[in-house]
Amino acid sequence: VGGAVAAVLRERSVTARRAPPAPSTRVSRFDRSTTMTRTSFKYVYIPADASCAMEELTMEIPEGKEMECLLDTLKEHFRSSSGTVGSSAEQKAIFKKQLEEQSGKVIDDSLMDIASRMQMVQPVALLPGGKATDWEHINLYVDDRGISKGLPRNDRACGLANECGAPTDIVGDAFIARILDDDDRFERHDFTLAEVSSGAPWVKRAFELNIKKKQNVGDVQEQLRAMGAVNSAADSLNLQDALPEPTDPTLLGAVDHDMKHMYAWSQEGEDVVVTVQVPAETSKADVRCDIKRQSMHLEVATLPEGSRVVVDGALELCFEVTTDECSWSILKNKDGTKRIEVTLTKGKEMRWPCFTRNKSAPETK
């Protein structure tokens, strides 16, 4: 899936991003007539082999693992998938080429060894969650290593994505699931085989939202050209690079150049990356990283007292992020120390002039 392979360079810590909520009794958003504690959910399997029937599957939700249960199961499925590229050396070479094309950087052998051992699940948003959908998300999940493995094209999954207005070249087996994620709660809800239809209401809604998003991006690009803000050379640039910085007056003075910041941040495309240098003994147990739609609290126990709160959750992020696609990881530096990298996916494709709306560190460019 284009634009996704670079994510393999980061060890996704989806479960650490936010502790899953304890099971509670509430009225289901999708069936307000029933009060229940959800213990299982349905999802759909779309084999890449068109001769194999699609299947509706049911997964039991282990206690306290509502968020990661599906991803853990799919990792095992994709780990056993084999394609037309035979040797691991050939797969590694293709994978390395993909990563270098996506990142624009040369990937060294040690990093490739780590990346090659990782099995990732790549979500593809069909119905983008947000206020318009009351925070309902419907995602397609695929093997992030599918291209390097030489897996066959999944025509049925590609067709469904196209019907949703989100055309994507999907290879290998695919799965579809529904979630509700509005920051205050994360829930998995049923997605049934009967809903895999071009006439399904959710498909029509997804198409409308995805087309509207593309039109909005196109409108911005056209306005920039009309204003003379871009020239013919801009056609070869990503739209993200051409977008103007917001003129929201509340963002003026948000960057504090005099304050000592324990983090650095940068942005590229739809990602905002926050980096924190930490001692070598730092482990995941020392890190608290809570990401919400427009705030992030990052605290590291191994940092000096008084500096352990790296980003205060009371500060508002510059703009909203898509929490389901955010992650953090701990990486080793060459000198033996470590660094924490938090990757936030922007909710809207707009250049951020600051990281937080108050007391922000300046962007590292």
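Is Trp202 buried or exposed, and what is its relative accessible area? Trp202 is buried, with a relative accessible area of 7%. Buried means under 20% relative accessible area, exposed means over 50%, and partly exposed lies in between (1.4 Å probe, protein chains only).

This is a predicted model: local features need pLDDT of at least 70, side-chain atom pairs count only at pLDDT 80 or more, and totals for chains, interfaces and linings use all residues. Residues are numbered from 1 along each chain as its sequence is written, and side-chain values use heavy atoms, with hydrogens and water left out.

## The chain overall

The protein chain holds eight helices and 15 strands. Both are DSSP runs numbered from the N terminus: helices are H or I with at least four residues, strands are E with at least two. Of the 365 residues in the protein chain, 42% are buried. The chain exposes about 18400 Å², and carbon and sulfur atoms supply 49% of that area. Areas come from the Shrake-Rupley method with a 1.4 Å probe; for residues, only the protein chains shown count as cover. Among contacts with a separation of 6 or more, 67% are between residues 24 or more positions apart. Contact means heavy atoms within 4.5 Å.

Four strands form an open sheet in the order 9-10-15-14, with antiparallel pairing. Strand 9 (264–268) and strand 14 are the edge strands, and each pairs on one side only. Neighbouring strands here are turned by 25 degrees against each other on average, direction ignored. Axes are lines fitted to C-alpha atoms, for helices over the stretch in contact, and angles run from 0 to 180 degrees between N-to-C directions. Two strands pair if DSSP finds at least two bridges between them.

Strand 15 (residues 338–345) is mostly covered, with seven of its eight residues buried. Strand 10 (residues 271–278) pairs with strand 15 in the antiparallel sense over eight bridges. Gln277 has Arg339 of strand 15 as its bridge partner. Strand 14 (residues 327–332) is joined to strand 15 by six bridges, also antiparallel. Here Ser329 is bridged to Glu341, and Ser327 to Thr343. Five residues separate the strands in the hairpin of strand 14 and strand 15, where Gly336 takes a positive phi near 95 degrees.

Thr345 also lies in strand 15. Thr345 is buried, at a relative accessible area of 5%. Leaving aside neighbours within four places in sequence, its contacts are Glu270, Asp271, Val321, Thr322, Glu325 and Cys326.

A second open sheet is built from three strands in the order 11-12-13, with antiparallel pairing. Strand 11 (287–292) and strand 13 (309–311) stand at the edges with a single partner strand each, so one side of each is left without a neighbour in the sheet. Strand 12 (residues 295–300) pairs with strand 13 over two bridges. Leu298 has Val311 of strand 13 as its bridge partner.

## Nonpolar cores

A nonpolar core is a set of buried Ala, Val, Leu, Ile, Met, Phe, Trp, Tyr and Cys residues joined through side-chain atoms within 4.5 Å. The largest has 29 residues; Tyr263, Met296, Leu298, Ile340, Val342, Leu344 and Phe355 have the most contacts inside it. Strands 10, 11, 12, 13, 14 and 15 each supply at least two residues of this core. Strand 10 gives the largest share, four residues. Ile340 touches residues including Val274, Val287, Val300 and Trp328. A second, separate core of 22 residues includes Leu126, Cys158, Leu160 and Ala161.

## Aromatic pairs

The whole structure contains nine aromatic pairs. Rings of Phe, Tyr and Trp (its six-membered ring) pair if their centres lie within 6.5 Å; planes under 30 degrees apart count as stacked, over 60 as edge-to-face and the rest as tilted. Two pairs are listed here.

| Pair | Centre distance | Plane angle | Class |
|---|---|---|---|
| Phe191 and Trp202 | 5.5 Å | 80 degrees | edge-to-face |
| Tyr263 and Phe355 | 5.4 Å | 55 degrees | tilted |

Phe191 lies in the loop between strand 8 (186–189) and helix 7 (201–226), and Trp202 in helix 7, so the pair ties together parts eleven residues apart in sequence. Phe191 is buried, with a relative accessible area of 0%.

Tyr263 lies in the loop between helix 8 (239–242) and strand 9, and Phe355 in the segment after strand 15, so this pair ties together parts 92 residues apart in sequence. Tyr263 is buried at 9% relative accessible area, and Phe355 is buried at 0%.
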